[in-house]
Amino acid sequence: MKQTGKRFVSLALAVMMLVVTAGCSSGGTQDKGKEGAGGAEQESAKGRYVERILETPKDFKGKGSMGVLEDGSLIIVDSENGIVSKSKDEGQSWTADENMGKKLKEVVNRDQVELTSVAVAPDGGLFFSYILWEESNGQKKTYPEQYVYIDNKGKENEFELGLEKYKCSLRKAVFTKEKKLYVLTNSEHIYEIDCKKKTAKKVEEADRDLYGIFPYGNTFAVTGKDKVFIYDAKQGKMDSSDEALNQFIQGEKSEQVVLGGSQDDKILAAHSGGIYSHVKAGTVMEQLADGSMISLSNPSHNPVALFELGNGVLLLLYDSGELDSYTYDPEAKTVPDKQLSVYSLYENTTVRQSIHAFRKKHPDVYVKVINGLSGDDGVTESDAVKNLNTQLLAGEGPDVIMMDGMPLDSYVEKGMLLELNDIVAQLESGSGYYKNILEAYQSDGKLFTVPIRFALPVIAGESDRISGIKDLGTLADAVEAAASSSGVKETVFGTYDETELLQRLWVVCAGAWVKDGKTVDKQAVTEFLTQAKKIYKGEQKNLSSSAKQKHQEMVSMYKKNNMEFDPQNGDRQLSYMLMGSSKIVAGLFRSMSELRNLFSVVNKDQKVSWQHWQGQQSNTFVPTGLASISSNAADKELAAEFVKTLLGTEVQKNDLGDGFPVNKEAFATYSEDPDKGKHDSGISVSGGEGSGSYDLNLVWPTKEQLGQVEKVFENCQMPANTMRRIQEEVYRIAAGALSGEKEIEACAEEIYQKIQLLYEE
């Protein structure tokens, strides 16, 4: 861990990008009223947990901790503002405890301070830890972590332990019912800390992939990558033998699973799928509340704490600062009478976010999401599309259809979709939109689908190298020239084989191959293969077999850890360029954190610039969600309201990492610096053993830089081809042309036939 007055986190090149993979529901669960597809008997069933949003202390945004005291009072510690608040009426009102919060406020108001953990004891005591990054001990530049315990009488006790010789810091701390304090470090070790004796005892090792530590009665539980560990204090061991719990988190986003304890010693658990109850060592995870019907479906905030009060009320605190209570109502219908179905080939994060916003206005409507490709049933994309077509032609099927990867023109010709012009006109009469993107699919004055978010193709590198890149041909020239120059360690473009290169070029080229939604331009395909082969030769020119092997090992590591290696990811390519293994970044940027990284590089190196990436298509954007309404929709007005919600400011203003907002008004909030310029941070990028490193100060884009981005947004005209069904076939065929195994003309003809056949379906 390198320190230069600010906190730097050392990241390996292979994992610079945070890749989040969507999970699927695990087995071994018993659900109450899930999905709402059980016929009349289920529709008339009653009894479910009803959600209610509670008040939280003023200005609390989710940074901190929460505890339930022995007398039933609630404590929320706002670690951002240094305020400790108490509620004696289950979250109806809050009162700040000035005495308990005095030391905390003093600490958080200091310069370059990082609060590393906060925990509330059952008797009202408070523990927190912090690091002052401006202070260090000795020549080795260690930054001592301080521990503070304030008992329920207000008596302060501050001390320092130097765990692992100051080579780690706390990530999270919890108190058990017996008031014992346990902490999880960023070195993934667990310690029991005695605040009175000022000592620490390491608990038996659990796993090297630990995500969270949670109080569970008189002990605690820890979530790992694929296991749950429960501490047996008598044995002094971590027990991971509960197979039902282990299966529950496997396949899920384990880092987003929270645990808690019920009053009758059951284990409570929550993630995006819902709230569950489990008898320790039992075989069933009983679903208490369906995630799709409560705030857990909202991907813009994650649960961080789960409690059960003495009267059976459940409480969930989210990292957004929202606090919700759940009370069982025997008269509430298991599934509301009104239902709306939304179909998407793949999981769509913005759709999930929209359900939460939609429910606020339509609490009597159950929104059911249908993913055509779950990934665990062997169904191919082609099979999924055919199945949907069969339903739609029979006058059935979903109400709202996300058209990504779907044959849009075929659906329009067959009358399967409703015209959206009126909806778009209503939207544009209110909030401002990037009209060029919102109406990009307009044909003959009619709209049948609208983008809800989009990714931006960006090219970056030294200005004299990229300034002349205006299309695919000039890109090929630039790569060829760079490959023949000095200073190229591995690649120019950051690709290591034919498929990676083809995946990269697809986004700015494939959209130019099909005219009028049905006619394939074979000459455009031939030109693509010609220029792609030229780029491929440049990429392979300086690439050694050892570099290829090292890259393949990294890709394998991603797959082994169920992570997606995406060659189109511009942020990952940025790390390649920083380490010198490539010279040109050309990929997709989808979020503000990625733009922050890009502009941080531009700010550091005045030779580096960026521009909108032009290929065979000009001014391209990549839709990451295309919303349409089925002509078979049972309630067309309700479906229209859902599409409006997808494009509304409440949803669009959230940076979910899945694309930029089409709602121009929302971009102002979307692009706000979350730290308001108060905290600089940095990364030290390392290529691994034998490689160099690159320190980068991460600074939020300036107003001027954001203005440059918006100008590019406003110039976007052409949507990229999102027909994923044909991509694998194209990559397979085109790889032969790039390697020289087949003639370009023969490959172009084969690709032409494949695409033509698809568009004639």
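This passage walks through a predicted model of a protein, from its overall make-up to a few individual residues.

Some ground rules come first. The model is predicted, with local features needing pLDDT of at least 70 and side-chain atom pairs counting only at pLDDT 80 or more, while totals for chains, interfaces and linings use all residues. Residues are numbered from 1 along each chain as its sequence is written, and side-chain values use heavy atoms, with hydrogens and water left out.

Confidence (pLDDT, the predictor's own score for each residue, from 0 to 100) averages 87 over the protein, and 90% of the residues reach 70 or more. Where pLDDT is low, the predicted coordinates should not be read in detail.

As for the overall build, the protein has 21 helices and 41 strands, taken as DSSP runs numbered from the N terminus (helices H or I, at least four residues; strands E, at least two). Of its 761 residues, 54% count as buried, that is, under 20% relative accessible area, against over 50% for exposed and in between for partly exposed (1.4 Å probe, protein chains only). Among contacts with a separation of 6 or more, 64% join residues 24 or more positions apart. The protein exposes about 32900 Å², with carbon and sulfur atoms supplying 45% of that, by the Shrake-Rupley method with a 1.4 Å probe.

I459 gives a local view of the packing. It sits in strand 31 (residues 453-462) and counts as buried because its relative accessibility is 0%. Leaving aside neighbours within four places in sequence, its contacts include I466, L475, I584, W610 and W613. I459 and Q614 are 155 residues apart in sequence, yet their C-alpha atoms are 8.4 Å apart in space.

Helix 15 (residues 592-604) has 13 residues and should span 18 Å at 1.5 Å a residue, which agrees with the 18 Å between its end C-alpha atoms; the expected span is 1.5 Å times one less than the number of residues. Its buried residues include M592, E594, F599 and V602.

Most residues other than glycine have a negative phi. K198, however, has a positive phi of about 60 degrees; this residue is in the loop between strand 14 (190-194) and strand 15 (199-202), and is partly exposed at 39% relative accessible area. D444 has a positive phi of about 55 degrees. The loop holding D444 runs between helix 8 (435-438) and strand 30 (450-451), and D444 is exposed, at 78%.

Note on methods. Contact = heavy atoms within 4.5 Å.
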